[in-house]
Amino acid sequence: MAELAEAGAADQTGTERKPLSRYVLASYGAPAVPLALVGLPMAVYLPPLYSDSDGFGLSLVMVGLIITLSRFTDVITDPIIGFVSDRWHTRWGRRKPFVLIGTPIYIVGIWLLFVPPVEFSEVSFLGWSFNSGYPWLFMAVAVTYLGSTIKDLPYSAWGAELSNDYNERTLITSWREGFGVTGSLISAFTPAVILFFGYTRPADAVFFLTIAMAVLMVPLVTNAVVAVPEWPVKETRERLPLMQSLRYVMRNGPFMRLMVIFTFSAMGSAMTNSLSFYFVKHVMLAGELYGLYLAPYFLCQIAAIPLWLKLSRKIGKHRATMVAIGWYAVWASLLPLIYIAPQEWFTVFRVELLMSFLPTETYQSMVSYFEGIETGKFVFFLIVMCLKGSAIGALAALPRAMAADVVDLDTAQTGKQQAGAYFSIWSMVQKASYALGIFIGTGLAVAFGFNSLADPMNTDNTWFTLFMLACLYSVIPALFKFVAMPLLWHYPLTEEKLRNIQLEIKAKAAAAG
């Protein structure tokens, strides 16, 4: 095993690599902060921004459909960017130029999406009358995803190529996810902070977050390009045509297994994210406290990442992912029960009791802040979400580390470094699955009678409608994630097998001179 570990520290040119320093790991992961600042609004605020009564007031089901359709542009752009970035050799590397080109496109797309410079109104075209917000939403989302594709696919491939070590790859993705969750935490706290300044609408939160993203992204991406190495690549065969390259990808058993697993996982995540605001506003009757729910949720993600990393080193990434799915599902299943259970069950969690130790003036101020809210249920909801959220870091970091591992299997078969092709397919499938999940979640909610424009305190949504909204938000997404269990149990690419594959790659590189 010592020989295997030593071999795993060498790149495909046979050159020994030193372990990555913390500064390099931090420089690579830091661009995830501004990305997450708007990534969270993209996931949870985009549908409410365009379809809530405090937003642009469009149809929820139409917003979900347009977001879904706009993501299918990635079916064309993702494979092209992945293929070209694998083959475009420059003095600055293969991946870095794409990251630099895609960043300003992404910033412009986000600005058009969240801070539209026009007012939406009813228009007519070829005899059809519709709100101008619908085509604007499609255009802005398409531009945003184009910029995301150009920069994120090479960025992910770059990270996969930073190390050949099984555990260091997990460390790289954990640093990136740690920074990402930090950005998400800032994004989650923002609505709660600006609430004290009179900003209560989703549009207010995304405005400030969009500005912060634009300010931070350029210097952090520039630092990553300067400080993080991109290792030279020595390939043992001639370049493969696009279709032949894709055929090798499709024959990679572990990779295809991952695709099935995380297609369903992405669909479940999309359902949860797209309905979370509506669940808190209409089921928990605490829409103005949405930021207070998000903040501890993402804080628990950060705190749990080192624990999941330690567990993955002990039992393997695939088994650790199984544990994370099970942990996530247990707590998700409790959320509909919070809605249907009587308030008396949660008396012990009421804010009035938990804060009774505070001075009288402070106590009265805090209690008035929760006026009209069933605080016992809301506090218990926060506790459950913190426990559920502690699994999210693992479900984000470990799969990406596993995806980086399967690229080595392809390199052993083809003699090529095709991380770009792999991550383009990974991204394309995830985006399509996520978009489909948004449509399924919002579409089923509307099919069960949910009215997103209703006043939650004087609602026309029935008990059954809100119960099904709770299930679509929690239980059904958890069932989607359970599809992974049998496929992960027999996952073939273990640490020892990966070490042997890396030995084979090194031997071929040495033989090629």
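Predicted model: local features only at pLDDT ≥ 70, side-chain atom pairs only at ≥ 80, totals over all residues.
**Stop 1: two crossing helices**

Begin by selecting residues 290-315, which form helix α12, together with residues 317-332, which form helix α13. The axes of these helices come within 7 Å and cross at roughly 130°. Angles over 145 degrees would count as roughly antiparallel and those from 65 to 115 as roughly perpendicular, so α12 and α13 are oblique to each other. The crossing of the pair is right-handed.

Next, display the side chains where the helices touch. On the α12 side, select Trp-308, Leu-311, Ser-312 and Ile-315; on the α13 side, select Lys-317, Arg-319, Ala-320, Val-323 and Ala-324. The residues of this contact divide into 6 nonpolar, 1 polar and 2 charged.

**Stop 2: further along α13**

Remain in helix α13 and select Ala-332. Is this residue buried or exposed? Ala-332 has a relative accessible area of 0%, and because buried means under 20%, Ala-332 is buried. Its contacts, apart from neighbours within four places in sequence, are Lys-388, Ser-474, Val-475 and Ala-478. Now select Ala-470 as well: its C-alpha atom is separated from that of Ala-332 by 10.0 Å, while the two residues are 138 residues apart along the chain.

**Stop 3: a serine in α8**

Select residues 166-195 to display helix α8, and within this helix pick out Ser-174. Ser-174 counts as buried, at 10% relative accessibility. Which residues does Ser-174 contact, leaving aside its neighbours within four places in sequence? They are Ile-305, Leu-309 and Ala-397.

**Stop 4: the salt bridges**

How many salt bridges does a search of the whole structure find? The search finds 2.

For one of them, select Lys-281 and Asp-52, whose closest N and O atoms are 3.0 Å apart.

For another, select Asp-152 and Lys-151, which form a salt bridge with their closest N and O atoms 2.6 Å apart. Asp-152 and Lys-151 are buried as well.

**Stop 5**

Return to helix α11 and select His-282. With 3% relative accessibility, His-282 counts as buried. What does His-282 touch, not counting residues up to four places away in sequence? The list consists of Phe-450, Asn-451, Ser-452, Ala-454, Pro-456, Asn-461 and Leu-466. Display these side chains together with His-282 to view the contacts.

Finally, select Leu-285, which lies in the loop between α11 and α12. Leu-285 is partly exposed, with a relative accessible area of 27%. Most residues other than glycine have a negative phi. In Leu-285, however, phi is near 55°, a positive value in a residue other than glycine.

Definitions and conventions: Residues numbered from 1 in each chain as written. Heavy atoms only, no water. Axes fitted to C-alpha atoms, helices over the stretch in contact; angles between N-to-C directions. Helix = DSSP H or I, 4+ residues; strand = E, 2+ residues; numbered from the N terminus. Parallel < 35°, antiparallel > 145°, perpendicular 65-115°, else oblique. Left-handed = near helix turned anticlockwise from the far one by under 90°. Contact = heavy atoms within 4.5 Å. Nonpolar A, V, L, I, M, F, W, Y, C, P; charged D, E, K, R; others polar. Salt bridge = Lys/Arg side-chain N within 4 Å of Asp/Glu carboxyl O. Buried < 20%, exposed > 50% of the residue type's maximum accessible area, 1.4 Å probe, protein only.
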